[in-house]
Amino acid sequence: TARVPPAPAMAAPVNPESEQRLQTLRHVIKEAFSFFDKVGNQTVFPEDVGIIMRYLGQFPQQTELVDVILPQIQNDDENVVTFQAFEELMLRCMLDHKYDPDDAETLLAAFHVLDPDDKGWIDTIQMRDYLSSGSGVGAFTEKEMNEFLEFAKDKESGDSSKIYYEDYVAKLYGTVEKHIEQLYQDARGGPKR
């Protein structure tokens, strides 16, 4: 008897919502990448990858970025990252929520460790020392430090000597959520805010 070859595998039906989300993600990734593609040749420098990832709402540890992510996607011959390699990485990261930001409770718990007296605030000089020390993972640059302190200070009281961390966390999460929402709104061609 002759053997009948198995039927070719049918492609799984595509969920229109999943397909739309995938197209939206591709558009958002392309837009972010293009901000750093200065020459227009579908490449960026490796040092820009972390910035683009954070802009897209993914926050890998600096050590993981350098030791794991960049070796996977970097074209060593030319010291660049191609759009195709970056897009594949970002689609996996964003769909799997691999480097999503920590939740507010985790961030507040970290601040509570730095505030053993439970005052509700941390002195900016002390915070500057924490964030610029080499003991932490990825110490802040001076520019990052100034941007952080400017963002974290209490605008209402004008007191820049203290970081009221519950207010900071609320402001941070509000800003990140608004940014991500705007990215997706822009990708869908929706109204600008």
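**View 1. The right-handed crossing of α1 and α4.** In this predicted model, the crossing of α1 and α4 is right-handed, meaning that the near helix is turned clockwise from the far one by less than a right angle. Residues are numbered from 1 along each chain as its sequence is written. Because the model is predicted, local features need pLDDT of at least 70 and side-chain atom pairs count only at pLDDT 80 or more, while totals for chains, interfaces and linings use all residues; side-chain values use heavy atoms, with hydrogens and water left out. The axes of helix α1 (residues 16-36) and helix α4 (residues 83-96) come within 10 Å and cross at roughly 130 degrees, the axes being lines fitted to C-alpha atoms over the stretch in contact, with angles from 0 to 180 degrees between N-to-C directions. The two helices, α1 and α4, are therefore oblique to each other (under 35 degrees counts as roughly parallel, over 145 as roughly antiparallel, 65 to 115 as roughly perpendicular and the rest as oblique). On the α1 side R21, L22, L25, R26, I29, K30 and F33 meet F83, F86, E87, M90, L91, M94 and L95 of α4, where contact means heavy atoms within 4.5 Å. By class, this contact of α1 with α4 has 10 nonpolar, no polar and 4 charged residues (Ala, Val, Leu, Ile, Met, Phe, Trp, Tyr, Cys and Pro count as nonpolar, Asp, Glu, Lys and Arg as charged, and the others, Gly among them, as polar).

**View 2. Helix α3 against α4.** The axes of helix α3 (residues 62-73) and α4 come within 9 Å and cross at roughly 135 degrees, and α3 and α4 are therefore oblique to each other. I69, Q72 and I73 from α3 meet A85, F86, L89 and R92 from α4. The contact of α3 with α4 comprises 5 nonpolar residues, 1 polar and 1 charged.

**View 3. Helix α2 against α4.** Helix α2 (residues 46-55) packs with α4 at an angle of about 35 degrees, their axes lying 12 Å apart, and the crossing of α2 and α4 is right-handed. V49, I52 and M53 of α2 meet F86, L89, M90 and C93 of α4. In the contact of α2 with α4 there are 7 nonpolar residues, with no polar and no charged ones.

Conventions: Helix = DSSP H or I, 4+ residues; strand = E, 2+ residues; numbered from the N terminus.
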